[in-house]
Amino acid sequence: MALTETAPAATPSSHEGILRRQSLRESAARTYARSLPIVPVRARGLTIEGADGRRYLDCLSGAGTLALGHNHPVVLEAIRAVLDSGAPLHTLDLATPVKDDFTTELFATLPRELAENGRIQFCGPAGTDAVEAAFTLVRTATGREGLMAFSGAYHGMTEGALAASGGARTTAVTRLPYPSDYRCPFRTGGERGAELAARWTESLLDDQKSGVPRPAGMILEPVQGEGGVIPAPDSWLRRMRDVTAARGIPLIVDEVQTGVGRTGTFWAMEHSGIVPDVLVLSKAIGGSLPLAVIVYRAELDTWQPGAHAGTFRGNQLAMAAGRATLVHVRENGLDRRAGELGARMLARLTQLAAAHDCIGDVRGRGLMLGVELVDRDADADATGARPADPTLAVAVQNACLDRGLIVELGGRQSAVVRLLPPLTITDEQADAILDRLTDAIAAAVRTTPAPTGTSPTTMRGTSR
Ligand code: PMP
């Protein structure tokens with residue numbers, strides 16, 4: 001049966017009433033709901049339809065979860081097959097045929113070294129649960145406590161994951177510089193900036209008086225997502241792999257957001273060829289439903305039964321939907337497609353940046369793209385880049401929404417417009433996304449004064 005036949009009737013009054021009741025009843029901590037006043041009632045692929053009858057191109061994709069977009073037929077079919085089979089939906093961490101199939105498919109996508117000698121732990125359903133599991137695992141295996149993580153990182157909202165993220169309020173985790181071409185902490189960028197970042201890490205580990213005891217593990221994202229779409233250089237990732245291996249420090253790679261084809265390879269770590277000791281996975285592996293796992297080298301499997309438990313570790317529908325997603329991406333080469341299409345979109349964004357002083361940088365890998373908005377009248381700050389302009393970023397996000405385009409903001413100051421479209425989008429859809437974004441940026445520049453400047457229309461050229 002087509003989805004449109006079963007979706008609730010959409011009326012403008014239900015749209016307004018639902019939004020009003022949400023703002024009265026829901027927590028002050030709600031996030032996306034504030035910047036995206038939409039009441040989704042139907043969705044397919046890239047498109048969401050709201051209760052007000054408006055249609056949107058969804059480049060948020062459940063914060064990077066929907067590799068195949070909304071309600072892909074293979075995902076719906078997989079879910080229906082489980083429902084129709086009479087299989088139990090709640091199974092704790094018991095073995096089931098659905099889980100067995102999921103694990104087999106997941107292992108088939110992993111680097112041989114990890115697949116042949118790997119163990120999998122099904123965690124509570126969120127990415128942050130898997131990050132906590134990874135920390136417990138390496139602490140148990142090494143007998144050490146401390147962790148190393150990178151400035152600008154995002155690993156989740158539970159206590160340990162938050163402590164390893166850029167927004168941490170504690171200093172329990174040693175913070176290391178993450179290489180960044182645009183806002184390089186050493187003001188050099190490129191290979192040189194990455195080299196200096198790596199040397200700093202080595203010196204902290206090798207200097208007996210650095211004040212940093214040998215850690216239980218190091219965690220990193222191959223591309224920082226929430227941190228503002230910052231791809232790490234492959235050479236730096238290899239260096240971090242060597243640095244940790246040489247010192248007996250387990251390397252935890254967080255592919256919660258970069259996994260399942262998003263960056264142009266099935267796993268983002270494949271670009272550099274590194275194989276981590278622990279791989280953290282969630283989001284797309286559940287095919288739009290909650291699922292999180294860690295996969296790790298068998299030697300680390302020294303924790304005891306119940307060391308990381310949880311009631312919701314056996315979501316059968318998520319495993320079926322996730323397996324269908326993994327198979328579909330693999331069989332259709334959607335990782336390669338994401339790489340090619342992403343490169344073309346980035347080239348167009350680069351042209352856009354040349355026409356607008358307010359775009360400080362465009363960057364990304366595959367279909368994980370970012371446009372950093374900066375104060376178009378300001379001079380460069382200590383990082384060598386102009387200061388971020390979060391007000392303009394909000395104006396661009398709103399102007400996108402007015403044009404039927406949903407985008408996310410990220411980055412240190414929420415001034416990076418992020419595009420995370422499904423890997424299934426067509427060339428025409430990619431053009432439509434960029435046309436709307438181009439138009440939205442031009443409109444936002446016209447109406448939003450520069451923070452330090454006088455002219456709201458300072459532009460280097462003409463935009464479309
Ligand atoms: N790690 C990374 C790299 C993420 O991007 C996220 C979520 N954006 C998480 C971990 C946490 O996942 P969750 O929100 O499911 O807890």
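What is the volume of the largest pocket? I began my notebook with this question, and I keep in mind throughout that the model is predicted.

**Entry 1: the pocket**

I looked up the largest pocket and found a volume of about 1100 Å³. Its lining is made up of 45 residues, and Tyr32, Tyr154, Met157, Glu226 and Glu408 are the ones that lie nearest its centre. I then asked which elements contribute to the lining, and noted that α3 (32-35), α8 (127-142) and β16 (408-410) each supply at least two residues.

**Entry 2: the cavity**

Searching the whole structure gives 1 cavity of 30 Å³ or more, and the largest cavity holds about 40 Å³ of space. Among the residues that line this cavity I wrote down Thr65, Leu66, Val75, Ser288 and Thr325.

**Entry 3: helix α11**

I then listed the buried residues of α11, which are Asp234, Trp236, Leu237, Met240, Arg241, Val243 and Thr244. To read such a list, I recalled that an α-helix has 3.6 residues a turn, so residues three or four places apart point the same way. The buried residues of α11 pack against several elements, including α10 (190-206), β5 (147-150) and β13 (359-365). After α11 comes Gly248, and there I noted a positive phi, near 65 degrees.

**Entry 4: a sheet of strands**

I followed an open sheet of 4 strands, which come in the order β1-β2-β3-β15 with mixed pairing. β1 (40-44) and β15 (405-406) stand at the edges and have a single partner strand each, so one side of each is left without a neighbour in the sheet. Strands β2 (residues 47-50) and β3 (residues 55-58) run antiparallel and are joined by 3 bridges; I also found Ile48 standing opposite Tyr56 in β3.

**Entry 5: the cysteines**

How many disulfides does the model contain? I counted 0 disulfides, taking as the cut-off that the two sulfur atoms must lie within 2.5 Å. For Cys59 the reason is distance, because the closest cysteine sulfur, in Cys400, is 8.7 Å from its own sulfur, too far for a bond. I also looked up burial: Cys59 counts as buried because its relative accessibility is 0%, and Cys184 is buried as well, with a relative accessible area of 2%.

Methods
Residues are numbered from 1 along each chain as its sequence is written. This is a predicted model: local features need pLDDT of at least 70, side-chain atom pairs count only at pLDDT 80 or more; totals for chains, interfaces and linings use all residues. Side-chain values use heavy atoms; hydrogens and water are left out. Buried means under 20% relative accessible area, exposed over 50%, partly exposed in between (1.4 Å probe, protein chains only). Contact means heavy atoms within 4.5 Å. Two strands pair if DSSP finds at least two bridges between them. On a 1 Å grid over the protein atoms alone, a cavity is a set of points where a 1.4 Å probe fits but cannot get out, and a pocket is an open set with protein on both sides within 12 Å along at least five of seven lines; lining residues have an atom within 4 Å of a point. Grid points are joined across faces, edges and corners, and a volume is the space filled by probe spheres set on the points.
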